[in-house]
Amino acid sequence: VTSVLGRRAGVAPTRLADEDLDRLLLIRRFEEQLLELFAAGQVSGTTHTCLGQEYVPVALEALLDPNDYVFSNHRGHGHYLARFRDVNGLLAEILGREGAVCNGVGGSQHVLRGRFVSTGVQGESLPVAVGTALHLKRHDPAAIAVAYVGDGTWGEGGVYEALNMAKLWSVPLVVVVENNGIAQSTPTRLHMAGSVAGRTAAFGIDHLLVSSTDVNLVRRQADAPVRKVRQGAGPLVVEFETVRLGPHSKGDDTRDRDEVHSLQQHDWCGAYEKAFPEQFASAAAGQTAVLAAAVADVLARPPSSWRHL
Amino acid sequence: VTKADRIADNLNAGLHALLAKDDSVYFLGEDISDPYGGAFSVSKGLSSRFRGRVLSTPLSENAIMGVANGLALAGDKVIVEVMFGDFALLAADQLVNFAAKSVSMYGTRRAMPVIVRCPVGGGRGYGPTHSQSVQKHFIGVPDLAVYELTPFHDCLALLEEMLAREEPCLLFEDKKLYGARRWDTAGDELFRFGFAGAGFGQAWLAGAPPDESDCVVISTGGTAPLVLEAMRTLFLRDEIQCRLLVPARLHPFDLESIEPVLAACGRVVVVEESVAGGTWGAEVAARIYDRLWPELRSQVGLVHSRSSVIPAAPHLERDVLVQADTVCARVREAVRD
């Protein structure tokens, strides 16, 4: 991963549409705000931020239709916000306040809204996504199922059971691998023999490697392969070589400062700010204000209520 | 007794009727396609008749259950056949952590109509990993109902009841029942037969009214035949009148509708094939003590298999598994108290 990231460093970003930049920064500010709220003791339980990976769902969401299913995971705030922009609903869910997407029952890792589903057990969503894709194939042939997983997820046997069935039954499934080089505290080289590409090839499933962090370029690269899935070509694995800039959950980053610092060189955000300072400053100010208003709003709400039927 | 169809045939007919009636029902499992039709031939004819909705899968219990969950999430209804109930443990994550939790963990009730059929039990010499009664491992999971096939309940009605719950349901099927014939008449020379409460509840068999019965035996569907054998022996040799209750739903257990019967008799024995420790019977007994302590005339008797793996050799297996003699002995003890 390092070598690929190294190759990528220094490539100048292209100018993004304001809407995309807003979405990227909305997610960035959301996650930063959440860590601050944690530090201030305002959040219970745990949470997993996607700092550094925001561009993955922002790039992909534009290739998706509202009828597509999205299966998210423990690190799913970016996936949700890329789809719905619903900062207040998600924040209320995490803080257990009124107006929470799932009444505060699911919390950070278990969110269901329309055709968006997240759950917290690694490797659990892929077989489920195969089932939903099977349903789509029969009833809604223009739609696809997209499942976000990490590199660590590939240790789970369910992943292979699911890939096998996905290919056998040729279901419209896109598996998005956010390979950030680390599973909680374990580097990929210590938890994965071979590679995602090799494992995917073993099932005869197409594999697309995405090294760019540029939303425009990612879309250009993924557009045709995703369209192919939609047209009935069967499953696809899209592997993003990405970075996790923050801790696994909160305050549990065991990587040394130099390593995290070197990863920051590959953060889309700093590079973009340098390339387009004015657009960035304006968008950042806007999204910072959105988050500040959302936090004030949600913190003023009463606790959520839930009646278990 | 006039007896009806073989239980495996009744179940097969129920599955056919359900898939014919409702286009949204899928059936998934290993080796279920024709001409094989499942390891116990219960799914015969389904794959030929309902193409595209009856899918033979790879050996992947985890993902089979996951696919069922994904279909259910998208609005379908699914029946999964697990070849041996022992393998349900391979599907436990999808069943417990996804299917059951999805019903409520997203803050509003979400329908997850999935039935997981699991052939269980010993007596066939299949050995330790193909003979267990794993029902007890799934008791007490919120939004996960546990059913068991009985010689009395009609399978189509049972399947429909489970789907109507809109939550995942395990249906345990004692392999020894498949070849047996179902009871569907008013009774025989010793026992009358009916269903408790209105409609489709617990089956009961008895030779006397509750207040003239010496003991109520609550049994799983799988052990009902051996309890009936014990009841005959107890009546003919010991003049002990037992009243048998067989719920199709083990959990949540419907105690309320049988409380008057238990209270009138005052002696209760619970029978199952599961091995000792953390049993369904212990759960039932705890609820009975909680509700009926003042009415009880003796301790609730728990009859189950020994705490052991299920051996393959028939003589060793017999020694471990619950038998009619075990039931007789425990009922005599309860009646003596």
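**Figure 1. Strands S8 and S9 of chain A lie side by side in a parallel pairing.** Strand S8(A) and strand S9 (residues 236-241) of chain A run in the parallel sense and share five bridges, where strands are said to pair if DSSP finds at least two bridges between them. Within this pairing, A:Asp206 stands opposite A:Leu236 in S9(A). Both strands belong to an open sheet of seven strands with mixed pairing, whose order in chain A is S2-S3-S1-S4-S5-S9-S8. Strand S2 (112-113) and strand S8 (206-210) of chain A stand at the edges with a single partner strand each, so one side of each is left without a neighbour in the sheet. Helices (H or I, at least four residues) and strands (E, at least two) are DSSP runs, numbered from the N terminus.

This is a predicted model, in which local features need pLDDT of at least 70 and side-chain atom pairs count only at pLDDT 80 or more, while totals for chains, interfaces and linings use all residues. Residues are numbered from 1 along each chain as its sequence is written, chains are lettered from A and ligands numbered from 1 in the order in which they are written, and side-chain values use heavy atoms, with hydrogens and water left out.

Figure 2. The model scores ipTM 0.94 and pTM 0.95. The pLDDT, which is the predictor's confidence in each residue from 0 to 100, averages 94 in chain A, where 96% of the residues score at least 70, and 95 in chain B, where 97% of the residues score at least 70. Where pLDDT is low, the predicted coordinates should not be read in detail.

**Figure 3. Helix H5 of chain A is mostly covered.** Of the nine residues of helix H5 (residues 87-95) of chain A, eight are buried, a word that here means under 20% relative accessible area, with exposed meaning over 50% and partly exposed in between (1.4 Å probe, protein chains only). The buried residues include A:Val87, A:Leu90, A:Glu93 and A:Leu95. Their cover includes helix H2 (18-39), helix H4 (77-84) and helix H13 (277-299) of chain A. After H5(A) comes A:Gly96, whose phi is positive, near 65°.

**Figure 4. Cysteines of chain A without a disulfide partner.** A search of the whole structure finds zero disulfides over all chains, a disulfide being a pair of cysteine sulfur atoms within 2.5 Å. The sulfur of A:Cys102 is 18 Å from the closest cysteine sulfur, in A:Cys50, and is therefore too far for a bond. For A:Cys269, likewise in no disulfide, the nearest cysteine sulfur is that of A:Cys50, 12 Å away. A:Cys102 counts as buried at 0% relative accessibility, and A:Cys269 is buried with a relative accessible area of 10%.

**Figure 5. Strand S4 of chain B continues into a β-α-β unit.** Four of the five residues of strand S4 (residues 77-81) of chain B are buried, so S4(B) is largely enclosed by the rest of the structure. S4(B) pairs in the parallel sense with strand S5 (residues 114-120) of chain B over four bridges, and B:Val80 stands opposite B:Val116. Together with helix H4 (residues 92-104) of chain B, S4(B) and S5(B) make a right-handed unit, meaning that, with the strands pointing away from the viewer, the path from the first strand over the helix to the second runs clockwise.

Note on methods. Contact means heavy atoms within 4.5 Å.
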